[in-house]
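Hi everyone, thanks for coming. Have a look at the slide, and then I'll walk you through it.

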Amino acid sequence: MCIAVYLPKRATIDRETLLNCYASNPDGMGFAYWDDANNLIVRKFVGQDKIMLGIEEFLLTREHYIKKQMLIHFRIASHGKISKSTCHPF
């Protein structure tokens with residue numbers, strides 16, 4: 001089963017927790033948030049190197065958008081191929 005994490009405004013999550021999520025669900029990672037212009041931004045990462053970069057990008061993004069709600073998702077493939085198109089959030 002996938003892992004979905006909702007972060008309300010000002011909530012944080014540490015790198016170790018994100019790495020544990022990835023270790024349990026290694027088939028894709030994505031996150032979503034609203035930027036300062038209220039545009040929904042969705043970022044997706046597939047593949048070990050890209051997911052590790054995605055975790056770092058998420059942590060930097062969270063610092064900047066700490067006053068916004070965010071969603072993080074780690075996928076384990078139960079159906080469909082392993083690709084960006086099957087990686088949440090969408």
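When I say helix or strand, I mean DSSP runs numbered from the N terminus, H or I of at least four residues for helices and E of at least two for strands.

A quick word on what you are looking at. This is a predicted model, in which local features need pLDDT of at least 70 and side-chain atom pairs count only at pLDDT 80 or more, while totals for chains, interfaces and linings use all residues. Residues are numbered from 1 along each chain as its sequence is written, and side-chain values use heavy atoms, with hydrogens and water left out.

Is asparagine 25 buried or exposed? Asparagine 25 counts as buried because its relative accessibility is 3%. Buried here means under 20% relative accessible area, exposed means over 50%, and partly exposed is in between, using a 1.4 Å probe and protein chains only. Which backbone oxygen does the side chain of asparagine 25 reach? That of methionine 1, at 2.8 Å. Leaving aside residues up to four places away in sequence, asparagine 25 touches Met1, Cys2, Ile3, Phe74, Arg75 and Ile76; contact means heavy atoms within 4.5 Å.

Now to the strands. Strand β4 covers residues 70–75, and five of its six residues are buried, so β4 is largely enclosed by the rest of the structure. Strand β1 (residues 3–7) runs antiparallel to β4, joined by five bridges; for two strands to pair, DSSP has to find at least two bridges between them. In that pairing, valine 5 stands opposite isoleucine 72 of β4. β2 also runs antiparallel to β4, with six bridges, and there glycine 28 faces arginine 75.

What about β2 and β3? They pair in the antiparallel sense as well, over six bridges, and tryptophan 34 has leucine 40 in β3 as its bridge partner. The two strands form a hairpin with five residues between them, and asparagine 38 in the turn has a positive phi of about 65°.

How many residues does the largest nonpolar core have? This core has 19, and Met29, Phe58 and Ile72 are the ones with the most contacts inside it. A nonpolar core is a set of buried Ala, Val, Leu, Ile, Met, Phe, Trp, Tyr and Cys residues joined through side-chain atoms within 4.5 Å. The elements giving two or more residues to this core are β1, α1, β2, α2 (48–64) and β4, and α2 gives the most, with four residues. Phenylalanine 58 touches Leu7, Ile13, Leu18, Met29, Phe31, Met70 and Ile72, again not counting residues up to four places away in sequence.

Rings of Phe, Tyr and Trp (its six-membered ring) pair if their centres lie within 6.5 Å; planes under 30 degrees apart count as stacked, over 60 as edge-to-face and the rest as tilted. By this rule there are four aromatic pairs. One of them, phenylalanine 31 with tyrosine 33, is stacked, at 6.0 Å centre to centre and 20° between the planes. Both of those residues are buried. Phenylalanine 31 also pairs edge-to-face with phenylalanine 58, at 5.3 Å centre to centre and 75° between the planes. This pair links β2 with helix α2, 27 residues apart. Phe31, Tyr33, Phe45, Phe58 and Tyr65 form one aromatic cluster.

Last topic: charges. A salt bridge is a side-chain nitrogen of Lys or Arg within 4 Å of a carboxyl oxygen of Asp or Glu, and the count comes to two. Glutamate 56 pairs with arginine 15, the closest N and O atoms being 2.7 Å apart. Glutamate 56 is in helix α2 and arginine 15 in helix α1, so the pair ties together parts that are 41 residues apart in sequence. Glutamate 56 is partly exposed at 31% relative accessibility, and arginine 15 is partly exposed at 40%. The other salt bridge joins the side chains of glutamate 57 and arginine 43 (2.6 Å, N to O).

Key: Polar contact = N/O pair within 3.5 Å; in protein donor to acceptor, adjacent residues only side chain to side chain.
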